[in-house]
Amino acid sequence: MEFFLLVLVSGISIGSVWGLTGLAFTAIFNASRVINFGGGEVAMVGAYAGGLFVFSGIVPIPVGLLGVIAMPIVAGFFMNRVFAEPLVKRKAPVISSVLATLAAALIISGVIGLITKFQYFQTGLIFGTKPIVLGVFSISRQYTAIIVSVVGLAFGYWFFLNKTHLGLGLQAAGIDPDMASQVGINMVRMRDLAWVVSSVIGGIAGFLAAPLLIASAVMGLPLVVYGFIGAVLGGFGYPLATLAGGIILGLFVQFFTAYISPAHTDFLVFLALMVICAYRPTGILGLKMYE
Amino acid sequence: MNTKKFKIFGYSIVLLFLLILPAFAKGNVMFLAVLGLIGGIAALGVNIFFGYCGQVNFGAAGFMAIGGYCVAFFERDLHTPYLLGLVLGIVASGLVALLVSLFLLRLRHFVLGLGTTAFGLAIYSMFAKGFTAYTHGEDGVSLNALHLFGIQAGDKFFYYVALICTILCIWISHAVRNSRVGRGMVAIAENEVAATSMGVDIDHYLRIALVLNGLLDGLAGGLLVKYLNFCSPAHFSLPYSILIFIAVVVGGAGSALGAALGGIIMFTINEVLTPLALYHTLAYGVILGAILLFMPDGIAGGIRTLSHRWSGVSRR
Amino acid sequence: MEWSLEKMKKTILHFESVSKNFGGLAALSDVSLSVTEGDVISLIGPNGAGKTTLLNIATNLLPLSSGKVFFEDERIDPLPPYRIPGRGIARTFQILKLPLKLSVLENVAIGAHSRSESGVFPIILRLPRMRAEEMQIMEKAKEAIRFVGIDDHMNTITGHLPLGTQRLVEMARALMCEPKLLFLDEVTTGLNFHEKQKVVSVLQKIREQGTTIFIVAHDMSFVMELSSRIYVLNFGKKIAEGSPEEIRKNREVIDVYLGRTETNS
């Protein structure tokens, strides 16, 4: 029973991280039809910032957390302004944005890799090591932190999108860019905003995941791949579905690894992805195709 | 026409240079050249799917893996001679492409790119982690050195073989491109509705393109493993798939010569940077980014624009 | 009631009670029309009347919700869209859908696709039959380019040409499949007077060859000048049909176009 719970919670946790990564690039996609391959890199920067500011104990934790949020925003800003925005202005096809963000992701990964010599980032369990006990169940603090943060972030994102002026503008910009700009919405600023939101979400996801995953300059790629898989699974373009898809994926992976066969997990996940791509490209929830 | 004579002259010089290169190459150059040419072949494969049909393939290394592992397994377990193993590897790769096309070709563009990524990753994990008793996973499978008429085939041999294969693949690409099939593929890339209304059966052509992609990349993989005398998943991972794709973009998607050139350049850089492994990722990002921002049609496109400006063609 | 000599000539295209629904919206309601071989027919109507929808259904880019479409007395609505050119139906698009990076010659050559047959193997092996066919296609393309009068631009990149010339390229491309019926969707939209004249003269030439022409347009003078018969659509329903004279005098049509009180239509 204990083991089952552990697998369950870890599945939800890792799935949430993937879901958040998916949420991060969904935000950008909904605003500008750009597919951000660098979503994982942003998370990686968050993890790196975590290592620099929080886990090293150089500055007090609240200040460190500011750094954790700030660095990904800078990285995202770089990606957006240098690579994504010029292409959007040119009205280039979606494929170009994929390639451009890939280039950006490689550069960021490369730079951080150079700085850290591709070694593992410093991480730590800042929430303490004593598990939280709820009756008969005990859950590690890190997992709890992740789950709480995910719920918080998801709610915050939903609130932002639907209950704030800026958020509604962002939605409008995504649904009909031409109309939005005619109503006076500054499209460039909206896209910047989408990238900022995306970077914050991604960065926090990376920061939280750092102690769980092997955090290094190359952690971005697997994150973005699994994030995409989760997004396609749940429903690409729909934030809640993306999050759900990530969590489902996380559960599947953990359970399969724990109870059946760790060696074949990846293979099956990717095979399943191919099949899902083919037969249910809009996700298993059957939502309408967003594009 | 003057441009045509100039072109023929230029190509002949390059060909001559390539043919006599082994005579004065020192040290590592041959090794780089062979790997570069193999990269060129792989890029030519992806060029047919992406350059002509406009569909993204991030799983090309998966096709290389099939070609390579077929060669390795046939040699290890059935002791088949290399040539036969290579042919079988190519065929197997083509067959897998056909199989995969059955369900991936319901998609287009981004989702297809995702699907091909999944394919590449599936193949990789199958060889790296699944069925490890048979495949030896990450440890890889070693192959015997190739012997012809009692002599061990060395760098020079593989160089000429790779060169001939590259030229053959360029020839095939051109033949396809300058035919109704090629025109149909380009029509698909630009606008599917228009292509359909002109009578192009899109699914059929995309399938042909993917199979050709599989065949060429299977060849590349089969050559690679025998040259290195070693077959391991490390050569067929996602970064390699992406490298091949970047090679096509850098060289010029839609141009066979460009793709080949891009493949040679990127794979050579890849090897050259190995001691400086720290700079790999950054270098690729910078190269890809620079091409996308400044020369979106790749090197081939850049040369084409220059030559147009030089001879004032588009003015007419 | 047209029991006239007209009926003696073959009906080349026949829409029988065609309807098309998008969710709850009826884009086309019970539309029936017949096109006689060799004629020049126009379909007019205000924006959103369903003209392009009808065209898309005729070329099978859209499936119909109910009804039948007959071409030369055979049902074509079940066919997949890429089989339509092979039957002898070609079309141009309102928003140009030409690959802009290709040269004019290549673009026109694509049009022969439905009339040629070399497969991948002959192509890769460059068999003699394939090479002969390729030369034939190129010759035909050059001829089509000369027919529409743009031979100056044979090797120009299509994207570098003005819109009027691009439309002519599209027409040349459409001619390559030897169509018996040519659909033209807003072919004069966006053209200046000179360019329009060129299009009209090409259309006269096409008509002289016996090809049936079906025009969807807004430009009334263009339509009146060329057509032998006009159909009018409004809100997805056919509200009038007849000769240009009859249409000019038709009350309902005038109302619809001048936007007077919307009676039931």
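What pLDDT does chain A average, and what share of the residues score at least 70? Chain A averages a pLDDT of 80, and 90% of the residues reach at least 70, where pLDDT is the predictor's confidence in each residue, from 0 to 100. This is a predicted model, in which local features need pLDDT of at least 70 and side-chain atom pairs count only at pLDDT 80 or more, while totals for chains, interfaces and linings use all residues. Residues are numbered from 1 along each chain as its sequence is written, and chains are lettered from A and ligands numbered from 1 in the order in which they are written. Within chain A, confidence is lowest in strand S2 (residues 137-139), with a mean of 69, and highest in helix H10 (residues 239-260), at 87. Helices (H or I, at least four residues) and strands (E, at least two) are DSSP runs, numbered from the N terminus. Where pLDDT is low, the predicted coordinates should not be read in detail.

The pairing of the chains comes next. Two residues are in contact if their C-beta atoms, placed from the backbone, lie within 7 Å. Two pairs of chains are in contact, and chains A and B share the most contacts. Chain A and chain C are joined by no contact, and their closest C-alpha atoms are 14 Å apart.

Where chains A and B meet, 37 residues of chain A are in contact with 34 residues of chain B. On the chain A side, two or more residues come from each of helix H3 (61-89), helix H4 (94-116), helix H9 (220-234) and helix H11 (262-279). H4(A) gives the most, with 16 residues. By class, this side of chain A has 30 nonpolar, five polar and two charged residues; Ala, Val, Leu, Ile, Met, Phe, Trp, Tyr, Cys and Pro count as nonpolar, Asp, Glu, Lys and Arg as charged, and the others, Gly among them, as polar.

Between chains B and C, 23 residues of chain B are in contact with 30 residues of chain C. Helix H7 (155-177), helix H8 (180-190) and helix H9 (192-197) of chain B each supply at least two residues of the chain B side, and H8(B) gives the most, with seven residues. That side divides into eleven nonpolar, seven polar and five charged residues.

Chain C itself has ten helices and ten strands. Its radius of gyration, taken over C-alpha atoms, is 19 Å, close to the 18 Å that the globule rule (2.2 Å times the number of residues to the power 0.38) gives for 265 residues, so chain C is as compact as a globular protein of that length. The domain assignment, automatic or from a database, gives chain C domain 1 (10-88 + 182-195 + 214-265) and domain 2 (99-178). The centres of these two domains, taken over C-alpha atoms, are separated by 29 Å. Their contact takes nine residues from domain 1 and seven residues from domain 2.

The largest nonpolar core has 277 residues. A nonpolar core is a set of buried Ala, Val, Leu, Ile, Met, Phe, Trp, Tyr and Cys residues joined through C-beta atoms within 7 Å, and a residue is buried if 20 or more other C-beta atoms, placed from the backbone, lie within 10 Å of its own. Residues with the most contacts inside this core include A:Ile201 and B:Ile38. Helix H10 (residues 202-228) of chain B gives the most to the core, with 16 residues. Both domains of chain C give residues to this core, so it lies between them.

Note on methods: Buried ≥ 20, exposed ≤ 12 C-beta atoms within 10 Å, placed from the backbone.
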